[in-house]
Each structure stands twice: as C-alpha cells, then as structure tokens.
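Trainee: Before we look at the model, could you show me how to read pairs of aromatic rings?

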Amino acid sequence: MDSGIEFSFRKLTPAAQRHIRVFQVHQFLDRFAMGLTVSVVALALIDRGMDLFQISLLFGAYSVTTLTMELPFGGLADGVGRKPVFLAAVGASLISLALFLSSSNFYVLALSFAFIGFGRALRSGTLDAWFIEHFKAKAQNVDVQPALAKAQWANGMGLAFGAIIGGWLPDAFGAIAVQYGFSAYDLAYAASFAMMTAVLIYTLFAIVEEPRPLHPKALVQGFANVPVAVRDAGILAMRHPTLSLLLAALALLLMATNPVEVLWPTHVKPMLEEGYANTVIGLLTAACFFSIAIGASLSPHINRVFRRQNAMTLTAAVGCLAVLQIALALQGGVVGFVIVLIIYFVILGVGETPASSILHSSVENHQRSTMLSLRSLVQQLGATFGLILVGAIAEGYSTPIGWMVGALFTLGAVLLTGLLATRLKHRL
C-alpha cells in the first residue's frame with residue numbers, strides 16, 4: 001500500500017485531531033471568501049460595462065500572472081515559511097477586491113485580476129505543505145490520504161456555501177445597493193472582503209508555525225534560493241518516474257476537465273427558462289462544489305476497495321471521468337445533463353486526494369511547497385491549453401463535440417495513471 005497505518009480519526013492523538021480541525025476551518029473560511037464572487041464575477045464585469053472580449057482579457061491577466069509567479073513563490077514558501085507567504089497571499093486578495101470595488105475602469109480591473117493571480121501564486125504550496133508536515137509529525141506513519149480528504153471536503157463546502165450566498169446577496173439586497181450608488185454585485189465583493197479579513201485574522205492566531213527569520217537579509221536570501229529550489233524541483237520531477245507520470249497525467253486530465261468546468265453554464269442556460277436561468281445556474285454551481293466535497297469524503301472508502309493503492313483509485317476515477325464526459329456531451333435535456341454533471345463532479349472530488357497522496361509520498365519536506373507549485377503550474381498549463389482548444393472547437397462546431405475531443409485527453413490520463421499504478425504495485 002502507498003502509505004502507513006490505516007487512518008482512524010478517533011484513534012489519532014488529540015493534537016493530530018485538532019490539527020485536522022484547524023485546517024478544515026481554515027480551508028472552509030478561505031474558500032467561502034473566494035466562493036462569494038465565483039458565481040457573479042462575469043455578471044459583475046458585464047454590469048461594469050465590460051464586453052466578452054474584455055472579460056477574456058481580464059481572465060488572461062489573471063492566468064499570465066499566475067503562470068509567471070507560480071513556481072518562484074512555491075520556492076519562497078520553502079525558504080522563508082508557509083505562514084508568512086500565505087498571509088501575503090491574503091493581502092494580495094484584499095488588494096484585488098478593493099481595486100474591483102473602487103472602479104469600473106478596464107485597466108484598474110486588469111490590475112485587480114493580476115492581483116488575483118498574484119494571490120493564487122502565493123497560496124500555491126503554502127499551507128497545504130504546512131498541514132502535511134505537521135500531520136506527519138503528530139501522527140507518524142498514518143495514512144495521510146483520508147486527512148487530505150477531510151481538508152478537501154471543507155474546501156468544497158466553503159466554495160459551495162460561498163457561491164450560494166454570493167448569488168443570493170445581489171437578489172436580496174441589490175436594489176438597496178443601487179439606491180446608494182453601488183452595483184448590486186458589489187455586495188458579494190464586499191462580503192468577500194470581510195471574509196478574507198477574517199481569514200487573515202484566523203491565520204495569524206490559529207495557524208502555528210515555528211518562525212523563521214524574516215529580517216531583510218533572510219527575505220533576500222529566500223528570493224535568492226528560489227532558482228535553486230525551482231531547478232531542484234524540476235530535476236526531481238523529471239528524474240522521479242512516479243512524479244513524471246503523475247504530473248503528465250494531471251496535465252492531460254485538466255485539458256479535458258477544465259473546459260467542462262468553464263463551459264457548462266453556457267451550454268445549460270439555453271435549456272432553462274429565461275426568468276430563472278441565472279438562479280438555477282448559481283444553485284448548480286454550488287451543487288458542483290458540494291459534489292466535489294462529497295467525492296472527497298467518499299474517496300477514503302473507495303480507496304479501501306482498491307486496498308489503499310492510491311494510483312489504482314486514481315486510475316478508476318479518471319476512467320469514470322472519460323465515460324462521464326462523453327455521456328455529458330450526449331445529453332439533450334436539462335434533467336439528464338444535471339444528473340451526469342453532478343456525478344462528474346463527485347468523481348472529480350474522488351480523484352483529488354489519491355493524486356495528492358502520491359505526490360506527498362514522493363517528496364521531502366524541503367521541496368514540498370515547490371513541488372505543489374510545480375503541480376499547480378503543470379495543471380494550469382494543461383487547463384489553459386485544453387480550454388483554448390476545446391473552446392475553438394466549440395465555437396466552430398458545438399460544445400458537446402469539444403467535450404468529446406477533450407475526453408481523448410482523459411483517455412491519455414487513464415493510460416498514464418495505469419502505468420503509474422503498475423509501477424507502484426511492483427514496489428510493494
């Protein structure tokens with residue numbers, strides 16, 4: 001099996017149990033703050049006078065910033081500490097929200113989206129690495145995959161509740177906001193700002209990390225060590241067959257799944273009555289996040305079916321996603337589409353923690369944050385390429401045909417995860 005002693009929350013030490021709960025609350029609050037704007041961001045931009053091309057450019061500013069900064073800041077977190085870098089990420093998120101609330105100017109909004117990408121790059125590989133390292137210290141030789149599943153469940157629940165509240169606020173109080181000269185969607189962004197401030201306070205007091213020197217020389221040294229950390233992580237990924245197969249499979253998987261996650265609202269909206277279409281899409285967005293959380297909670301039980309062989313669980317999940325993506329493309333009615341969509345997101349949640357467990361079992365603490373950032377970078381590159389390709393096909397032909405083409409990438413991921421499972425099985 002891939003890990004040590006089988007996980008049992010009740011048998012963990014009080015310190016290990018508290019560690020999981022602290023991180024679960026943190027993940028819920030952080031993702032709740034993000035989820036408040038997820039379901040209204042496009043509507044808020046249109047309300048500010050942006051057209052679809054400008055909206056795509058704004059998301060491009062986010063992607064370029066994230067891709068540029070992803071790995072360097074993962075290496076920085078390994079050097080100067082996870083908590084300080086995460087706090088800087090929260091600061092970037094607060095600046096982004098403040099800029100968005102302050103203006104309808106395209107260039108100011110572009111700066112806001114750049115700060116979103118900056119915050120995303122800073123977040124990557126910070127407190128996830130902190131959680132794993134401290135859990136391993138408090139629960140030695142215990143299977144880490146179920147602990148990751150608990151964190152992923154809190155993550156999904158935070159996004160889901162945030163999406164529900166973020167969609168509800170403009171409908172409930174938007175008229176009042178407009179009377180005072182604000183946009184109805186500003187309410188969701190103001191709520192997100194308040195919640196992100198709460199995340200900042202919670203992180204300061206609840207997340208405990210042995211302090212590392214943060215004087216100017218230490219920071220300069222931290223940045224100076226980034227190229228070495230990035231180089232070492234890249235070399236490790238290329239020379240480590242497990243990591244190479246895993247990262248390649250995840251890139252292919254995101255090429256297929258990201259176009260589904262981005263394009264499904266535009267595909268399902270014509271199936272709905274105009275009067276309540278946006279409300280239903282908001283609820284479905286929350287349902288997708290709930291489904292990911294459910295999948296994450298089911299993941300340890302499914303992993304036991306495969307005798308706690310994470311690569312086998314991942315292979316099965318990716319195979320199911322390939323079938324479901326084709327089934328989703330073939331749906332012509334809203335009921336069938338919604339049913340398949342929900343199952344699709346459940347399986348996405350199932351596959352997340354086995355992949356994370358394989359990665360964490362393959363790296364040492366001093367490279368954990370950088371490797372998490374490398375994973376995020378590879379996934380985002382795959383997601384961006386897949387969205388451009390499938391989006392072009394969808395524009396020229398149809399969204400279902402684009403999804404079917406995307407499913408071919410998932411079949412490639414099945415092949416790679418199958419090879420990974422075979423390799424790890426031979427190591428047992």
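Mentor: A pair of aromatic rings is described by the distance of the centres and the angle of the planes. In this predicted model, counting rings whose centres lie within 6.5 Å gives 12 aromatic pairs.

Trainee: What are the distance and the angle between the planes for Trp168 and Phe173?

Mentor: The centres of Trp168 and Phe173 are 5.5 Å apart and their planes stand at 85°, an edge-to-face pair. Trp168 is partly exposed at a relative accessible area of 46%, and Phe173 is partly exposed as well, at 36%.

Trainee: Why is the pair of Phe337 and Trp403 stacked?

Mentor: Its planes meet at 25°, with 6.2 Å between the ring centres, and because planes under 30 degrees apart count as stacked, the pair receives that label. Phe337 belongs to helix H13 (residues 334-360) and Trp403 to helix H15 (residues 399-427), so the pair ties together parts that lie 66 residues apart in sequence.

Trainee: Are Phe337 and Trp403 buried or exposed?

Mentor: Phe337 is buried, at 0% relative accessibility, and Trp403 is buried too, with a relative accessible area of 0%.

Trainee: How many residues of H13 are buried?

Mentor: In H13, 19 of the 27 residues are buried, so that the helix is mostly covered. From its first C-alpha to its last, H13 reaches 40 Å, close to the 39 Å expected at 1.5 Å a residue.

Trainee: Which residues form one aromatic cluster?

Mentor: Phe23, Trp130, Phe131 and Phe135 form one such cluster.

Key. Residues numbered from 1 in each chain as written. Predicted model: local features only at pLDDT ≥ 70, side-chain atom pairs only at ≥ 80, totals over all residues. Heavy atoms only, no water. Phe/Tyr/Trp six-rings, centres within 6.5 Å; stacked < 30°, edge-to-face > 60°. Buried < 20%, exposed > 50% of the residue type's maximum accessible area, 1.4 Å probe, protein only. Helix = DSSP H or I, 4+ residues; strand = E, 2+ residues; numbered from the N terminus. Expected span 1.5 Å × (residues − 1).
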